Amino acid sequence: MSDYLLTTLLTKKKEIDYIIRDTIDKVLVLRFGRASDPVCLHLDDILSKSAREVSKFATVALVDIDSEDVQVYVNYFDITLVPSTVFFFNAHHMKMDSGTADHTKWVGAFHRKQDFIDVVEVIDYD
């Protein structure tokens, strides 16, 4: 069982627009994926275990990539592999160097809770 509840699964474009626009002075972490995917479930477990520790400087939300209404974001961020995690700060998309050619998102799961926390802290202090 998760240590902390994550924001409700987002399935509507306007929900994503709202959370991006209204998350101020915190990092917004959007996990794009599927509830049925084992790697997404692993990442969700890490995110939920980390959520309490990052709650003062980050908000974590899950986005269902199978929802027709969020395809504009799936296409815009070129979500072809799941899970993919996108970061925002004050409504600005934060790019990052994760050691891959794609600097727009983190693809795959984090190995440990601390790995995720470290990435969010770096984005928060940039």
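Me: Buried means under 20% relative accessible area, exposed over 50%, and partly exposed in between (1.4 Å probe, protein chains only). With that settled, how many residues of strand β3 are buried?

Reply: Seven of the seven, covering residues 58-64, so β3 is largely enclosed by the rest of the structure. Helices (H or I, at least four residues) and strands (E, at least two) are DSSP runs, numbered from the N terminus. This is a predicted model, where local features need pLDDT of at least 70, side-chain atom pairs count only at pLDDT 80 or more, and totals for chains, interfaces and linings use all residues. Residues are numbered from 1 along each chain as its sequence is written, and side-chain values use heavy atoms, with hydrogens and water left out.

Me: Which β3 residues point one way, and which the other way?

Reply: A58, V60, L62 and D64 go one way. T59, A61 and V63 go the other way, and both sets are buried.

Me: In what sense do β2 and β3 pair?

Reply: They pair in the parallel sense over seven bridges, with β2 covering residues 27-33. Two strands pair if DSSP finds at least two bridges between them.

Me: And what is the bridge partner of F32 in β3?

Reply: That's V63, one of the β3 residues that are buried.

Me: On to α2, then. Where is the kink centred?

Reply: On S48, and the kink is about 25°. The bend at a residue is the angle between axes fitted to the seven residues ending there and the seven starting there.

Me: Is S48 buried or exposed?

Reply: S48 is buried. Other buried residues of α2 include C40, L43, D44, I46, L47 and V54.

Me: Why might I see such spacing in a helix?

Reply: An α-helix has 3.6 residues a turn, so residues three or four places apart point the same way.

Me: Changing topic: which residues does the cis peptide bond join?

Reply: V82 and P83, with omega about -5°. P83 sits in the loop between α3 (71-76) and β4 (84-89).

Me: What is the phi of D78?

Reply: Near 50°, which is a positive value in a residue other than glycine. D78 also belongs to the loop between α3 and β4, and D78 is partly exposed, with a relative accessible area of 46%.

Me: And what is the phi of A91?

Reply: Phi of A91 is near 70°, again positive in a residue other than glycine. You'll find A91 in the loop between β4 and β5 (92-94). A91 is partly exposed too, at 38% relative accessible area.
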